[in-house]
Amino acid sequence: MAVTPIEVFVAAGADRWHEAQALRAHELVRLVPTPRHATVLLVAGTILESERAALDRVHDQLPHPREVVTWDEIAAAVDMADDVVDAVAFEIVGRADAVVADPTTSSPTRLPDEETHEWRDVGPFGQGGEGMMGGTPYGRAMAMTADDRDGLRLDRLQLRLGPFLGQLPGGLVADVALQGEVIQSIEFACAGSAPVVTGDRSVPVARRLLWLSHALHVQGLDAFAVRAARLARRSSGVGDDSRLASDFSSLRRRLRWTGLRSALRDVGDRDGVDTWARWSAHLDAISASLDGADPRLSPAGGSMPITAAELAETITGLTLTDAVSTIIGFDIDVPAMTTAAVEP
Amino acid sequence: MMSAFAAVLAVIAVALTVQVTALARSEWADPFVSAAPQRVPVLGGHEPATHAWSRFHVRYYPMTLVFVAFEMEMMFMYPWAVVFVEEGAKALVEMGMFLTILGVGIVYAYKERVFSWQ
Amino acid sequence: MIDVAFVVFSVAAVASGYGVFRVDSMIRATYLLLASFLNVGAILVLLLAEYLGVALLFMMTVEMIVMGLFMVMFMMNPAGLNPMNMVHQPRFAAAAGVIAAAGVAVVAVFADFPDAPVGAESATTRELGIELLGGSMLVFESIGVTLLATMVCSVILSSATGRFGDGYEGSLAPALEPGGDHRPADDLYDPDAAMGHSMHGMDHGGMDMGEMDHSKMDHGDKDMDDMDMGGMDHGDMDHDS
Amino acid sequence: MNEVEQLSAPLAIVVVSVVLVVGVYVSSVVGVVAFRSAAGQPLRPASAALFPAREARRLSRQQSVRTERPDMILRVLAPAGFLGLAAAAVTVIPLSPGIVVADVGTGIVLFGAAEALAIVAIFFHGWSPNSPFALVAGYRFVAVALSYELLSMFVLIGAAIPAESLSIGAIVESQADLWNVIRQPLGFPLFVIVSLGVTFSGPLDLLDSNDLAGGGSVEDSGIQRLAWQIARHAMRIAFAACAAAVFLGGWHGPLLPGGLWMALKTFAVIALLGFLDVFVARISAERFVRLAWGVLLPLAFLDLLIAGVGAL
């Protein structure tokens, strides 16, 4: 049996992304922020047609020896009585041990082994470039793609982030233009007017705890993320749930000493509500539902539904880091977002 | 003194050699070859359109300029610390004056919000 | 032994200094310059100026870090992905360099230097401190004033925010078209936001980010004509890796 | 001044290697224990003790993925230089009475130079893979690093005042009666903040952080990742040992031999750093920069004043 946890990168469709966060509760699994650190790629939920190529690319980014585990296959195979998360963790450990023992079985590269742009022996120096900024040196265009002003293109880096990114909810795709680390503009790949926030919906407490687990992970509190994931498992009926409310308030007390408040205060202000207030609203909602109150009545600092366009407006001008904590604070309903994008 | 610096250099050289050897070995003797799709930078699935290396807009550039000016003063503080006890109050007053002058600069820069991202 | 070390450090200093002009990457150039300074610092230590030598390592490191940031901020091709020639007027520069080096060499060989060797055990740092607080006190304090002036000037010249409003005020190039906004369309700077208010009502211009248009990024000949920046002569470029 | 025997170069290499190998291992185990205790998992001392070795074995067998057109020289130089600088920083710290690997008269200046050069290594780590997240992480780290750099210089100079010397050995000797942590109460906490910064942990986890999908390490796998982790823990050892020597009285202490005291104090600081790493959330780089210049720097001035008035 492995003594060190298996490092897993989760590539989850929007519908199973929260569930997959529950794996953090397992000691033998560590969810890592980048595919480069992972031994196992966990594919969970519905992968849309538009996400297939992205999934293959993430798969190929894993270092060898690597292995793929599919959540939905395991979920289909286990009895209703058994726990899917346990079964997935078991499968991950078994497959990882096998592939590390015999690296020749490592999952082969899926995408064709060819470069996007032809660059070898192109151009005056054979690196695919021409002049100072032209061509595709080493297979990519040069950065700085903003409009030409006074003959100087402005320093803008355009990236398409997602859908399988450790710090953002699964399925979320955003086109970002960065200047330095500051977001100049951002657009989510979805219908611009879709309501995207789940703050005031009556969501199961387990889902909120899984949200918390991911949020703490992004904020650098991985150990507390493990605690939150374990609470989420208990709240969904796995193991003892008698002391759930008091265990959660103990976690909350500990979080008070982590400096989360000073890290998130005054970030992503919208209508006088900042990211910390939104996070607190989630925590209050969890406390309320664990205490037996109706979660819909809980204080809801971040509960005002906003559209993707409004969200984009809120995080424009923030640094990438603050933007991530703000997006997380809104707890975007990605399935609603992506369906809205597909339907019209 | 020279033997002390020789020891420092020797230690650095060994540490560098160990790491460089390990990394270079993995580069040349890796049984796995990085295929073209594997080498694509991590962005969560999509390919970047451009290289990441760009004219990076450093948001804290005024801070670095203030830093460079302020940091000069360190050159004087080390010898000052050595003779402080010997010189007593005179050293305290002179350095106090020096730091107050520079402190004015820091306060000014802070007031102008130089330490925020521009 | 010390002579051997001196030769090694000197050669390394000169070689990395030469490298500064031979590499394409701004970052490599910056840190090759740092490597050159580090070797000079080591030479100072060999000359028994221990404090000056070690302090030089320290100071030059932080200064080169800052220089590296600015190099990348100003250069369009900071990593040298397309090779470029960093040398302008190479013949004149080479001649000037040789003459200057010869001049220094002549001084070094023929000048009558004072002969007051410093013992290995003498407390140079302590003497430096005494001098600083005694004889050179006025110099020391006026350096403080100079540095203050430097700080204030660098803030005034570089800061985009401030108590007195927008740093762009009065410092912008004229608009590209008559009556147009003189600020770049994607410039986000908003005085209200900088004052700590919310970012409402901002116009982000018509930047359509949804489509990553590759044709925009493929740079034709037109770009090359437009971008003759800093007198960089494209005809002169040579590949040197 | 103090009678110190200068170690010859081969002996110096042996001593530093032992210190770093043992230190890196202990520091990683402390990290595992801190994580498990914060996560409420069973501690399992035996598995924690084996953890770093197994992790190292696993990573050394993993593929080291090469990114598209990286700057390979800098990519190798980043972990190598970071470790080399950690080793250099360890050399100037006295390990027990009369034993310092390199008895450099300008110890704290050399230590500061190593700290400054470490910023360069960290920046290389972010720059070299030619990957957007790593690039952003490397740049924002430089802002943080320039801000903590001043603090570390001030508190070390404060400690040098009563010692009348820039040598760390002399600073330890000056604490025979009273440790600097009491004499200059602001010095130690500020130095801990600096140590967190240099090893990008806890609140200053701004380099290899999860919000940027691993930040500077986003493209690292296999040996590359292992080498960087080793270098980071080595730097933590160097700073813990320096804090122990400069603020916690170094080898001074009753009953036990000096070297053991030094080891115990270093371990205590390692444990402190390891636990802060796990228990404190990251704050944004901009926030730290403002905090460093607006609050911590004045505190460092105050520390200097306390040191100066105390030494009069």
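The description given here rests on a predicted model. In a regular strand, side chains alternate between the two faces of the sheet. Of the 7 residues of β1(A), 7 are buried, so the strand is largely enclosed by the rest of the structure; a residue is counted as buried if 20 or more other C-beta atoms lie within 10 Å of its own.

Strand β1(A), which spans residues 6-12, belongs to an open sheet of 4 strands in chain A. The strand order of this sheet is β2-β1-β3-β4, with parallel pairing. Its edges are formed by β2 (29-31) and β4 (67-70) of chain A, each of which pairs on one side only. From one strand to the next, the twist averages 35°. On one side, β1(A) pairs with β2(A) in the parallel sense over 3 bridges, and A:Glu7 has A:Arg30 of β2(A) as its bridge partner. Helix α2 of chain A, comprising residues 52-61, packs on this sheet and touches β1, β3 (40-44) and β4 of chain A. The direction of helix α2 makes about 160° with that of β3(A). Helix α4 of chain A, comprising residues 84-101, also packs on the sheet, where it touches β1, β2, β3 and β4 of chain A; the direction of helix α4 makes about 165° with that of β4(A). The pairing of β1(A) with β3(A) is likewise parallel and extends over 5 bridges, with A:Ala11 standing opposite A:Val43 of β3(A).

A further open sheet in chain A consists of 3 strands in the order β9-β10-β11, and here the pairing is antiparallel. The edge strands are β9 (157-161) and β11 (182-188) of chain A, each pairing on one side only. The twist in this sheet averages 20° from one strand to the next. Strand β9(A) pairs with β10(A), residues 174-179, in the antiparallel sense over 5 bridges. Within this pair, the bridge partner of A:Leu159 in β10(A) is A:Val176.

Contacts between chains were also examined. The contact of chain B with chain A takes 25 residues from chain B and 37 residues from chain A. On the side of chain B that touches chain A, 14 residues are nonpolar, 8 are polar and 3 are charged.

Two packed helices are described by the angle between their axes and the distance between the axes. The crossing of α1(B) past α1(D) is right-handed. Helix α1(B) contributes B:Ala6, B:Ala7, B:Ala10, B:Val11 and B:Val14 to the contact, and α1(D) contributes D:Ala9, D:Ala12, D:Ile13 and D:Val16. By class, the residues of the contact of α1(B) with α1(D) comprise 9 nonpolar, no polar and no charged.

Technical notes:
Residues numbered from 1 in each chain as written. Chains lettered and ligands numbered in written order. Predicted model: local features only at pLDDT ≥ 70, side-chain atom pairs only at ≥ 80, totals over all residues. Pairing = 2+ DSSP bridges. Helix = DSSP H or I, 4+ residues; strand = E, 2+ residues; numbered from the N terminus. Axes fitted to C-alpha atoms, helices over the stretch in contact; angles between N-to-C directions. Contact = placed C-beta atoms within 7 Å. Left-handed = near helix turned anticlockwise from the far one by under 90°. Nonpolar A, V, L, I, M, F, W, Y, C, P; charged D, E, K, R; others polar. Buried ≥ 20, exposed ≤ 12 C-beta atoms within 10 Å, placed from the backbone.
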